[in-house]
Amino acid sequence: MLELAILGFLAEGPLPGHELRRRISQLTGYTRPVSDGSLYPAINRLTRAGLIERRAHPAAGAARYVLSVTAAGRAEMLQRLRKPADHEITDFTRFYVVLAFLSHLPDVAERHAVLRRRLEFLEEPASFFYDNERPLRAEEVADPYRRGMLLTARATSRAERTWLREALGEELPVFDAACTDSDPHAPAAPAAPAS
């Protein structure tokens, strides 16, 4: 995730290290803070691999430098975007790093393939809590905080799936009681009226 973010931001133009760190921190937010102890070793690895260049930046002082992506670094970034690892599809923050730079892929079909992988993952039944192997829905959980987690996840998942379908040009499904079997985060079907 960190290396892709470095390559992605540098593909947009040269940056000094402190600005690169600020942009990555803003992208990943509080969920994955970027420390100097992780950023600068990653910069050194990418420099040694010939994926980025470090040039002195005299206007900013003797100890300052500017980083830029090389042709090999751009090719590496594009390859990582074309074929993200499974954990980059399933992990929310990692996927958002992929998504932040996905428009660098020139081929719409390749971008759509990545979005389809994420949509397929989101459509799999899942939960934070299970009864044996069966994912529990929010309405089946008594603890109000756990139920809150599931309700928030349901809303987030639904919004993301709607956006993904729109981005892919697919018809949007109607979310109703019929969706509860395929969507563990969907609300339980309303009780039938008394006769």
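Visitor: What percentage of the 195 residues in the chain is buried?
Guide: This is a predicted model, in which local features need pLDDT of at least 70, side-chain atom pairs count only at pLDDT 80 or more, and totals for chains, interfaces and linings use all residues. Residues are numbered from 1 along each chain as its sequence is written, and side-chain values use heavy atoms, with hydrogens and water left out. Buried means under 20% relative accessible area, with a 1.4 Å probe and protein chains only. For the 195 residues of the chain, the buried share is 37%.

Visitor: How do α1 and α3 lie to each other, roughly parallel or roughly perpendicular?
Guide: Helices here are DSSP runs of H or I with at least four residues, numbered from the N terminus. Axes are lines fitted to C-alpha atoms over the stretch in contact, and angles run from 0 to 180 degrees between N-to-C directions. The axes of α1 (residues 2-11) and α3 (residues 36-48) come within 10 Å and cross at roughly 70°. Angles of 65 to 115 degrees count as roughly perpendicular, so α1 and α3 are roughly perpendicular.

Visitor: Which helix has the highest confidence?
Guide: Confidence is given as pLDDT, from 0 to 100 for each residue. The chain mean is 85. Confidence is lowest in helix α2, at a mean of 88. The highest value, 97, belongs to helix α4.

Definitions and conventions: Helices (H or I, at least four residues) and strands (E, at least two) are DSSP runs, numbered from the N terminus. Angles under 35 degrees count as roughly parallel, over 145 as roughly antiparallel, 65 to 115 as roughly perpendicular and the rest as oblique. pLDDT is the predictor's confidence in each residue, from 0 to 100. Buried means under 20% relative accessible area, exposed over 50%, partly exposed in between (1.4 Å probe, protein chains only).
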